Amino acid sequence: MFRKPNASSGVPIYVQLKEQIRHAIETGSLAAGDQLPGIRGLAENLVINPNTVIKVYRELENEGVLEIRHGLGAFVATRRGRSKPEEMRDAQQLVREFVVMLKDQGLNAGEIRRLFEAELITEFQRR
Amino acid sequence: MGAVIETNELKKTYGRQEAVKGLNLAVQDGSVCAFLGQNGAGKSSTIKMLLGMIHPTSGTGSIFGHKIDNERESLLIRQQVAFVAEDKRLYDHMTVAEILRFTRSFFPNWDGDFERQLLDRFELPLDRRVRQLSKGMRTKLALLLGFARGCRLLILDEPTEGLDPVAIEDVLQIVVSLAAQGTTIFFSSHQIAEVEQVADHVLMIDRGKLVLDAPMDQVKEQYRHIQAVFPEPVDERDFRLPGIERVQLEGRTVSLISSRNLDLIMEHIRMLRAGNIDVLPISLKEIFLEKVKARS
């Protein structure tokens with residue numbers, strides 16, 4: 001499915017491979033839940049460094065494009081959308097606004113922390 | 001990850017000629033590290049010192065933590081390292097089958113399955129004498145004897161020299177496959193295209209000194225040829241920034257070569273009010289020529 005990257009171009013091989021995988025997902029030739037080739041197999045096929053394949057899979061995992069299931073391999077993520085760093089950034093913004101609101105209502109840092117912790121415990125123990 | 005090969009101020013002089021002038025290098029575990037340099041740059045001398053074939057004039061080095069210039073430790077090194085020399089020297093009077101049986105007997109980790117696979121792939125005739133093999137076949141046989149040894153470290157001196165393009169691709173694929181299984185590979189080469197394809201780290205040596213030591217991706221992302229045109233004539237001193245390798249002035253036009261800090265350099269150039277800025281990638285071959293030329 002993947003083409004051999006052009007090693008002599010100025011674009012690093014890992015960037016080229018990432019683009020290819022993204023493109024395959026965008027065009028639908030890889031669908032959510034599909035498994036990607038193994039690291040060794042893909043490295044052999046494209047005759048590129050296996051560390052490059054590892055780097056590509058890891059970065060795409062961080063960006064929320066792939067899911068690495070340990071011992072099984074890399075899969076196209078089922079929940080496509082925002083990447084983890086983006087999610088965290090947005091969440092941080094929400095928390096910031098919320099804390100400012102509580103502070104304006106006259107609560108101090110210790111009180112806010114206690115309320116947060118209490119809610120966290122109830123929320124995550126219920127599951 | 002730790003370093004498999006390490007040297008510290010490694011030097012070799014032959015009479016008055018300094019072949020290696022204080023080399024500090026580290027090859028990381030699991031990497032495919034390319035060792036580039038012109039003929040006579042000191043590549044083979046370095047490899048020979050690493051393998052205890054010649055003694056360093058000064059400095060130290062180690063492989064898997066064993067000292068390279070200690071006879072007993074050097075023996076341990078040679079048991080764990082597969083080396084394929086540039087001259088692919090083999091016992092000429094033996095047949096392919098005989099040299100396989102002979103070599104196999106020295107290495108407890110010999111991979112018999114892999115040997116059969118490679119024999120098949122390289123189409124080597126078992127009953128032919130080494131003397132009667134073509135240059136390409138000889139190279140393939142020498143590589144097979146190295147690959148099948150089941151070592152954690154492979155040192156290859158010009159592994160693909162004299163091979164046709166199909167065989168080169170075969171060899172690179174084997175290198176990639178071994179790397180995927182955790183073998184560290186340190187190889188010298190003049191074929192820059194193949195280095196770009198499979199190496200994740202590049203070492204460049206010129207006249208006995210290391211002139212480049214960087215991950216391949218960094219080389220690809222940070223080495224740029226930048227050309228900028230300024231409204232006023234500029235001075236060379238305006239471009240003394242870390243990461244700027246070379247500056248060439250022609251009136252209001254400046255040509256730069258960057259090796260790192262690309263973002264900062266670009267910002268700096270914009271701050272100097274450049275009207276037009278062109279940024280072009282540089283191939284490893286151009287970097288090589290640049291490094292070698294810069295010192296001559």
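# Close-up views of chain B

Of the contacts in chain B that link residues at least 6 apart in sequence, 68% join residues at least 24 apart. The views below come from a predicted model.

**View 1. Chain B as a whole.** The secondary structure of chain B consists of 10 helices and 14 strands. Along the principal axes, the C-alpha atoms of chain B fill a box of roughly 75 × 40 × 35 Å. Chain B has 296 residues, and 39% of them are buried.

**View 2. The two domains of chain B and where they touch.** Chain B is assigned domain 1 (3-215) and domain 2 (223-294). Taken over C-alpha atoms, the centres of domain 1 and domain 2 of chain B are separated by 37 Å. Nine residues from domain 1 of chain B and five residues from domain 2 of chain B make the contact. On the side of domain 1 of chain B that touches domain 2, the elements giving two or more residues are α7 (192-198), β9 (201-206) and β10 (209-215) of chain B. The most comes from α7(B), which gives three residues to that side of domain 1. By class, the residues on that side of domain 1 are six nonpolar, one polar and two charged.

**View 3. Helices α5 and α6 of chain B.** Two packed helices are described by the angle between their axes and the distance between the axes. Helix α5 (residues 135-147) and helix α6 (residues 165-180) of chain B pack at an angle of about 5°, and their axes are 12 Å apart. Because angles under 35 degrees count as roughly parallel, α5(B) is roughly parallel to α6(B). From α5(B), the contact is made by G136(B), K140(B), L143(B) and F147(B); from α6(B), it is made by A167(B), V171(B), I174(B) and L178(B). Sorted by class, the residues in this contact of α5(B) with α6(B) are six nonpolar, one polar and one charged.

View 4. In sequence, F147(B) and L178(B) are 31 residues apart, while in space they are 8.3 Å apart, C-alpha to C-alpha.

**View 5. The nonpolar cores.** The largest nonpolar core has 85 residues, of which C33(B), A34(B), V175(B), V176(B), I185(B), V202(B) and L203(B) touch the most other members. Helix α6(B) gives the most to this core, with eight residues. Leaving aside neighbours within four places in sequence, V175(B) is in contact with V32(B), I185(B) and V198(B). A second, separate core has 10 residues, including I226(B), F239(B), V254(B) and I265(B).

Methods
Residues are numbered from 1 along each chain as its sequence is written. Chains are lettered from A and ligands numbered from 1 in the order in which they are written. This is a predicted model: local features need pLDDT of at least 70, side-chain atom pairs count only at pLDDT 80 or more; totals for chains, interfaces and linings use all residues. Helices (H or I, at least four residues) and strands (E, at least two) are DSSP runs, numbered from the N terminus. A residue is buried if 20 or more other C-beta atoms lie within 10 Å of its own, exposed if 12 or fewer, and partly exposed in between; C-beta atoms are placed from the backbone. Two residues are in contact if their C-beta atoms, placed from the backbone, lie within 7 Å. Axes are lines fitted to C-alpha atoms, for helices over the stretch in contact, and angles run from 0 to 180 degrees between N-to-C directions. Angles under 35 degrees count as roughly parallel, over 145 as roughly antiparallel, 65 to 115 as roughly perpendicular and the rest as oblique. Ala, Val, Leu, Ile, Met, Phe, Trp, Tyr, Cys and Pro count as nonpolar, Asp, Glu, Lys and Arg as charged, and the others, Gly among them, as polar. Domain bounds come from an automatic or database domain assignment. A nonpolar core is a set of buried Ala, Val, Leu, Ile, Met, Phe, Trp, Tyr and Cys residues joined through C-beta atoms within 7 Å.
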